[in-house]
Amino acid sequence: MEIHQLEILRELGALGSVKAVADTLMVTPSAVSQQLALLQRTVEVPLTRKEGRNLVLTEAGQVLADAGAAVVSAMADARGAIGSYHGTPAGRVTLSGFHSVGQAVFAPLARILDAPGQPRIELSDEDVAQQDFPALTARYDLVLAHRMDHSPRWPAERVTVIPLAHEPLDVALPVGHPLAGRAAVTADDVGGEAWVTSHTGYSPADVLSAVAAVSSRELNIVHRINDYSTVAALVAAGGVVGLLPRYTAGPVLNPDIVLRPLEGISTRRRIDLLARPENLKRRSVMIVSEALQGIMAGLVEQG
């Protein structure tokens, strides 16, 4: 039996005719009769009987109608509770982010939301391969994800995508490097360098594949490190060059490193916020989403 069938049964008991029920619910009398017939098939005793030209409830029908009224009332309470849950700004919000974006935005976000009546955020770092970010929305309300321009789009049928930034990956050089004085570098300029880059399947490694193709060289990859702070430290120490994000690398940079754009190759990655559509109906989640958009806009402006 369905909730709307119990509602119809209750209205029939109160109003005394199928036409009156149809007028009240703004449906056709045949639709009311059909739903009553479907409800009757689910029980073994008659729920209605003819009384003149009217259809009225039997004793069993009245018992079910009364029980149905309690169910309808409970459903209304449930809808009210979920409405309050959706509408409260101070709810719990879980957020995951890959390492480099977490270094850049987690602390500012915590400061912004450190006030009464703000969402209670729970932060986690999840640095997964690009294709695995959408699956994280099963475990977190919001997921900070990144992908290169040339990589497959996020599955729009499964997640909602909120774009945050379109960030270049720049070549990181020690300040004393011969290329450090240039405004930009090319694949031919850096193709012969020793490199520190990420593991295969993560975005900097993809860019280096393009550098190898354009420069027609097999690159000398010395270190494979996914953590940008470690990459920055190795570049600063000398001996290798790397790739660092332009907008979100601020927390890992130091005076011994310079960043230079890489010309002739697409090095941009998209930083997006992924969520299941139902999570974005909650006011607390939307507050966190809007705060992240503001923080990222500020980082882009500074960059």
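Helices (H or I, at least four residues) and strands (E, at least two) are DSSP runs, numbered from the N terminus. With that in hand, the protein chain can be read as nine helices and 13 strands. Please keep in mind that this is a predicted model, in which local features need pLDDT of at least 70 and side-chain atom pairs count only at pLDDT 80 or more, while totals for chains, interfaces and linings use all residues. Residues are numbered from 1 along each chain as its sequence is written, and side-chain values use heavy atoms, with hydrogens and water left out.

Let us start with the overall outline. Taken along the principal axes, the C-alpha atoms of the protein chain fill a box of roughly 100 × 45 × 25 Å. The radius of gyration, taken over C-alpha atoms, can be set beside a globule rule of 2.2 Å times the number of residues to the power 0.38. For a compact globule of 303 residues the value would be near 19 Å, but the protein chain has 30 Å.

Accessible areas come from the Shrake-Rupley method with a 1.4 Å probe, and for residues only the protein chains shown count as cover. The accessible surface of the protein chain comes to about 14900 Å², and 52% of it belongs to carbon and sulfur atoms. A residue is called buried under 20% relative accessible area, exposed over 50%, and partly exposed in between (1.4 Å probe, protein chains only). Buried residues make up 45% of the 303 residues in the protein chain.

Charges come next. Lys and Arg count as positive and Asp and Glu as negative, while His and the chain ends are not counted. The place of a charge is taken as NZ of Lys, CZ of Arg, CG of Asp or CD of Glu. The protein chain has 26 positive and 32 negative side chains, with the centres of the two sets 5 Å apart.

Now step inside. A nonpolar core is a set of buried Ala, Val, Leu, Ile, Met, Phe, Trp, Tyr and Cys residues joined through side-chain atoms within 4.5 Å. The largest one has 35 residues, and Val-105, Phe-133, Leu-142 and Leu-144 touch the most other members. At least two residues of this core come from each of strand E3 (92-97), helix H5 (99-112), strand E5 (142-148), strand E6 (160-174), strand E13 (268-275) and helix H9 (283-302). H9 gives the most to this core, with eight residues. Apart from it lies another core, of 32 residues, among them Met-148, Val-196, Leu-219 and Val-231.

Contacts show how parts of the sequence meet. Contact means heavy atoms within 4.5 Å. Among contacts in the protein chain between residues at least 6 apart in sequence, 73% join residues at least 24 apart. Leu-142 gives an example: leaving aside its neighbours within four places in sequence, Leu-142 is in contact with residues including Val-93, Leu-95, Leu-273, Leu-280 and Val-288. Thr-137 sits in the loop between strand E4 (120-125) and E5, and Thr-137 is buried, with a relative accessible area of 5%. Beyond its neighbours within four places in sequence, Thr-137 is in contact with Val-143, Val-159, Leu-274, Ala-275 and Arg-276.

A further pair of residues lets us compare places along the chain. His-166 is found in strand E6 and, at 28% relative accessibility, counts as partly exposed. Gly-16 lies in the loop between helix H1 (3-15) and H2, and Gly-16 is buried, with a relative accessible area of 18%. Gly-16 and Pro-261 are 245 residues apart in sequence and 78 Å apart in space, C-alpha to C-alpha.

Finally, consider the backbone. Most residues other than glycine have a negative phi. Which way does phi of Met-26 go, positive or negative? Phi of Met-26 is near 60°, a positive value. Met-26 is in the loop between helix H2 (18-25) and helix H3 (29-40), and Met-26 is exposed, with a relative accessible area of 75%. Phi of Ser-216 is near 55°, again a positive value in a residue other than glycine. Ser-216 has its place in the loop between helix H7 (203-215) and strand E9 (220-224), and Ser-216 is exposed at a relative accessible area of 65%.
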